[in-house]
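Take a look at the protein below. This report walks through its folds, charges and contacts, a few residues at a time.

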Amino acid sequence: MATQTKDKDYYGVLGIKKSASTDDIRKAFRKLARKYHPDVNPGDKGAEEKFKTLSEANDVLSDPKKRKIYDQLGFYSDNIDPATADAYARGGGQPGDGGFGGGFQGGGRQPGAPSNVDFGGFDFSDLFEGARAGGGRKSSSGSGSGGGFRDIFSNIFTGGGRGEAVGEGPEPGSDLEYQVNVPFWTAIRGGVMKLNIARRDVCGNCHGNGFIEAPGVCPECNGKGTIEQTGGRMKFNVTCPRCHGTGKNVSTCPVCHGEGSVERTDPLEIRIKAGTRDGQRIRIAGKGNAGLRGGGTGDLYVIIRIGEHPLFRRDGDDIYITVPVTAVEAALGAKIEVPTIDGRSMLKITPGTQSGQKLRLREKGVPSATQEGARGDEIVEVKITVPTPRDEKTKELLRELAKLNPEDPRAELWGKV
């Protein structure tokens, strides 16, 4: 992974324009990688170095976040926070200006910065060189200059990182989604499902703040809210990392470890309405994750997945079933009993009914969950069963039947060929 790319023209390395798409970058890299791959050029140090540079260029330009930083600054480093690069670009800095030299002047204070800081005239390249050398040169604060760069700009542009929870406003809790497998008959007739929902609840120790306040002032900044840091040839005040600028004696909550919420499992009963459909979403207000610092609790959304039945098939509010019918019943017509979700029901088979034909039993389907008093239908598909002759007399009767009905059922096929 690329960690420092100063003074490298990655677009030129891949032979592409700055407006190249991700697909163009991938194609250019593959083409050149095949040419300079070490397996294709064994023992060629020049090809090996070229391949490493190509891989580095592809790693940066194929990643949208890394590419954005590279385009804003003219180089890429893992030590640069995206917010730092954005702030530099907004301050008027251009790629290759010499290490943020003219981007941030005292008059252009950035959001979240503790004070106006004049960066004019400073070349930050020595900080990058220090980071590349492993942070060998120490600053007066005791940290390596490379680490100091990252720490300083993290505090200036991001308020000191994750600990910014102190002093922030309410944050609403997120919603939760759960899939629930509901039995076939429960979805039709209605019922109650018992669930165990894993969710985040407000920490009872810190009341959702993420920190505990003790008497006195912050021991690190002595109540000022800022501390002095040094990076390279610069010295300025940044937000205190312990109290996050409040000056109070606060410490991270030992129960939630600064999160402001803790994991817990709650039992929950969900009422399933009669006629509930597969894929339906049921919203339960206030049963999602808890908010922080007084923020509202999220909602719980239960997604219904209905189980199958060995005989019935459901589509919306309609019920489908396949019923076997004898050849005689289909030819002569008959009244037969068929199963429905309410029990047995009579179905009229008209003379000449064909196999695969669908007959409808009105209002024998599922009660509607959204329309009071409405019901779906039951659709019965006829499957004609052919008798197996068991004796010579039966065979003779079938031959006689064939003589009485000499029509060829395949005649229409030949006319269409």
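Helices (H or I, at least four residues) and strands (E, at least two) are DSSP runs, numbered from the N terminus. H257 sits in the loop between β6 (248-252) and β7 (261-272). This is a predicted model, in which local features need pLDDT of at least 70, side-chain atom pairs count only at pLDDT 80 or more, and totals for chains, interfaces and linings use all residues. Residues are numbered from 1 along each chain as its sequence is written, and side-chain values use heavy atoms, with hydrogens and water left out.

## The whole protein

The protein has 11 helices and 15 strands. It has 417 residues, and 37% of them count as buried. Buried means under 20% relative accessible area, exposed means over 50%, and partly exposed lies in between (1.4 Å probe, protein chains only). The protein exposes about 24,300 Å². Carbon and sulfur atoms supply 49% of that area. Accessible areas come from the Shrake-Rupley method with a 1.4 Å probe; for residues, only the protein chains shown count as cover.

Contacts are the next topic. A contact means heavy atoms within 4.5 Å. Take the contacts with a separation of 6 or more: residues 24 or more positions apart account for 60% of them.

Most residues other than glycine have a negative phi. H257 has a phi near 55 degrees, a positive value in a residue other than glycine. H257 is exposed, with 60% relative accessible area.

E363 also has a positive phi, near 55 degrees, and is not a glycine. Its place is the loop between β14 (358-361) and β15 (378-385). At 54% relative accessibility, E363 is exposed.

## Charges that pair

Side chains of opposite charge can pair when their charged atoms come close. A salt bridge is a side-chain nitrogen of Lys or Arg within 4 Å of a carboxyl oxygen of Asp or Glu. The structure holds 24 salt bridges. Three of them, including one within helix α2, are set out here.

| Salt bridge | N to O distance |
|---|---|
| D23 and R26 | 2.3 Å |
| D299 and R283 | 3.1 Å |
| R399 and E392 | 3.5 Å |

How far apart in helix α2 are D23 and R26? They are 3 residues apart, so about one helical turn separates them. D23 is partly exposed at 29% relative accessibility. R26 is partly exposed too, at 35%.

D299 and R283 also meet in a salt bridge. D299 lies in the loop between β8 (281-284) and β9 (300-306), while R283 lies in strand β8, so the pair ties together parts that are 16 residues apart in sequence. Is D299 buried or exposed? D299 is buried, at 13% relative accessible area. R283 is exposed, at 52%.

R399 pairs with E392. R399 is partly exposed, at 41% relative accessibility. Elsewhere, salt bridges that share partners join K45, E48, E49 and K52 into one network.

## Charges that gather

Which residues form a patch of positive charge on the surface? They are R30, K31, R34 and K35. Lys and Arg count as positive and Asp and Glu as negative; His and the chain ends are not counted. The place of a charge is taken as NZ of Lys, CZ of Arg, CG of Asp or CD of Glu. Patches are made of residues with over 30% relative accessible area and no salt bridge; like charges are joined within 9 Å, and nonpolar side chains (Val, Leu, Ile, Met, Phe, Trp, Tyr) within 5 Å.

K31 lies in helix α2 (residues 22-36). K31 is exposed, with 59% relative accessible area.

R67 belongs to helix α4 (residues 64-73). R67 is buried, at 13% relative accessibility. Leaving aside neighbours within four places in sequence, R67 is in contact with Y11, K18, S19, A20, S21, I25, V60 and L61.

I349 is in strand β13 (residues 343-349). I349 is buried, at 2% relative accessibility. Not counting residues up to four places away in sequence, I349 touches V325, E329, A330, G333, A334, I336, L359 and V382. I349 and K335 are 14 residues apart in sequence. In space, their C-alpha atoms are 5.9 Å apart.
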